[in-house]
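Open your viewer and get ready to click through a few selections. We will go stop by stop, and each stop says what to select and what to look for.

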Amino acid sequence: QYLLIFSCIIQMKAANIQNLLQNNISGGVRGPKTCPGGCRSLSIIPVFPGFCNGEVSMKTIAIIGTGLMGTDIACASAMAGFEVLLYDIDNERAAKALGRLKDRFKRYVHTGRFDQGKADTIVRHFRLCNAPEEVRDALIVIECAFEEIHVKQQIFRDLDRICRADAVLASNTSSISITEIASATKRPES
């Protein structure tokens with residue numbers, strides 16, 4: 001059975017995600033579909049054991065790659081209440097990305113979008129990782145590297161070795177076949 005993973009999944013609370021899954025929003029069709037929140041779907045993944053019955057805690061998302069897309073996904077994830085692990089092969093780039101995220105929330109406070117307490121709470125959700133092994137306990141790992149199949153496949157090989165067996169390994173690809181990326185793992189269905 002396959003489930004649609006929506007572009008808004010990181011903006012939804014875990015309970016809402018589990019509710020969507022329990023209500024069996026599923027299908028085997030790749031391509032744009034509209035979710036109940038009005039966003040467009042990106043990809044499909046299979047159900048894994050324990051997800052729908054509350055056995056799995058969805059509190060941590062790991063972002064692999066801290067460029068523009070990775071940073072934006074990290075921001076949306078933290079605003080949705082997730083703990084966000086940030087990893088980039090270039091530690092300096094990851095540190096700069098965290099600085100940009102902190103600056104973003106300073107602007108949000110300055111413009112009145114958030115009060116200081118809320119911004120501080122969200123910023124505390126970010127944690128830099130110095131090695132890929134530090135993301136091993138995340139339930140959702142989103143690869144946000146540049147669009148090069150060999151790079152993405154190597155990241156997925158590493159994640160396959162490092163991450164827990166029930167982790168969802170996702171890609172932020174826009175042009176590469178997710179099936180081709182996933183083929184680098186021993187668990188292409190996850």
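One term first: two residues are in contact when heavy atoms of theirs lie within 4.5 Å. Keep in mind too that this is a predicted model.

**Stop 1: Lys152**

Select Lys152, which you will find in helix H5, residues 149–162. Is Lys152 buried or exposed? Lys152 counts as buried because its relative accessibility is 0%, and buried means under 20%. Now show its surroundings: setting aside neighbours within four places in sequence, Lys152 is in contact with Glu143, Ala145, Phe146, Glu147, Ser171, Thr173, Ile176 and Ile181. Zoom in on Glu143, whose side chain makes a polar contact with the side chain of Lys152 at 2.5 Å.

**Stop 2: the whole of helix H5**

Colour its buried residues: Ile149, Lys152, Gln153, Ile155, Phe156, Leu159, Asp160 and Ile162. Among the elements that cover them are strands E3, E6 and E7, along with helix H6 (178–182).

**Stop 3: a pocket beside H5**

Next, look for the second largest pocket, with a volume of about 390 Å³. Of its 17 lining residues, Ile64, Ile89, Ala145, Val151 and Ile155 are the closest to its centre. Which element gives the most to this lining? That is H5, with five residues.

**Stop 4: the largest nonpolar core**

In soluble globular proteins, nonpolar side chains tend to be buried together. To see such a group here, select Ile63, Ala74, Val84, Leu86, Phe105, Phe126 and Ile142, the residues that touch the most other members of the 25-residue largest nonpolar core. Elements that each supply at least two residues of this core include strand E3 (60–64), helix H2 (68–79), strand E4 (83–87) and helix H3 (91–110). Helix H4 (116–123), strand E6 (140–143) and strand E7 (168–171) are also among them.

Beyond its neighbours within four places in sequence, Val84 is in contact with Ile61, Ile63, Ala74, Ser77, Ala78, His125, Phe126 and Arg127. There is also a second, separate core of 19 residues, including Cys129, Ala145, Ile155 and Leu159.

**Stop 5: helix H2**

Now select H2. This helix has 12 residues and reaches 17 Å from its first C-alpha to its last, close to the 16 Å expected at 1.5 Å a residue. Its buried residues are Gly70, Thr71, Ile73, Ala74, Cys75, Ala76, Ser77 and Ala78. They pack against E3, E4, H3, H4, E6 and strand E5 (126–129). Just after H2, click on Gly81, which takes a positive phi of about 100°.

**Stop 6: two threonines in loops**

Begin with Thr66, in the loop between E3 and H2. Thr66 is buried, with a relative accessible area of 1%. Not counting residues up to four places away in sequence, Thr66 touches Thr71, Leu86, Tyr87, Asp88, Arg93, Ala94, Ala97 and Arg100.

Finish at Thr111, in the loop between H3 and H4. Thr111 is exposed, because its relative accessible area is 60% and exposed means over 50%.

Conventions. Residues are numbered from 1 along each chain as its sequence is written. This is a predicted model: local features need pLDDT of at least 70, side-chain atom pairs count only at pLDDT 80 or more; totals for chains, interfaces and linings use all residues. Side-chain values use heavy atoms; hydrogens and water are left out. A nonpolar core is a set of buried Ala, Val, Leu, Ile, Met, Phe, Trp, Tyr and Cys residues joined through side-chain atoms within 4.5 Å. Buried means under 20% relative accessible area, exposed over 50%, partly exposed in between (1.4 Å probe, protein chains only). Helices (H or I, at least four residues) and strands (E, at least two) are DSSP runs, numbered from the N terminus. A polar contact is a pair of N or O atoms within 3.5 Å; within protein, one must be able to donate a hydrogen and the other to accept it, and residues adjacent in sequence count only if both atoms are side-chain atoms. The expected span of a helix is 1.5 Å times one less than its number of residues. On a 1 Å grid over the protein atoms alone, a cavity is a set of points where a 1.4 Å probe fits but cannot get out, and a pocket is an open set with protein on both sides within 12 Å along at least five of seven lines; lining residues have an atom within 4 Å of a point. Grid points are joined across faces, edges and corners, and a volume is the space filled by probe spheres set on the points.
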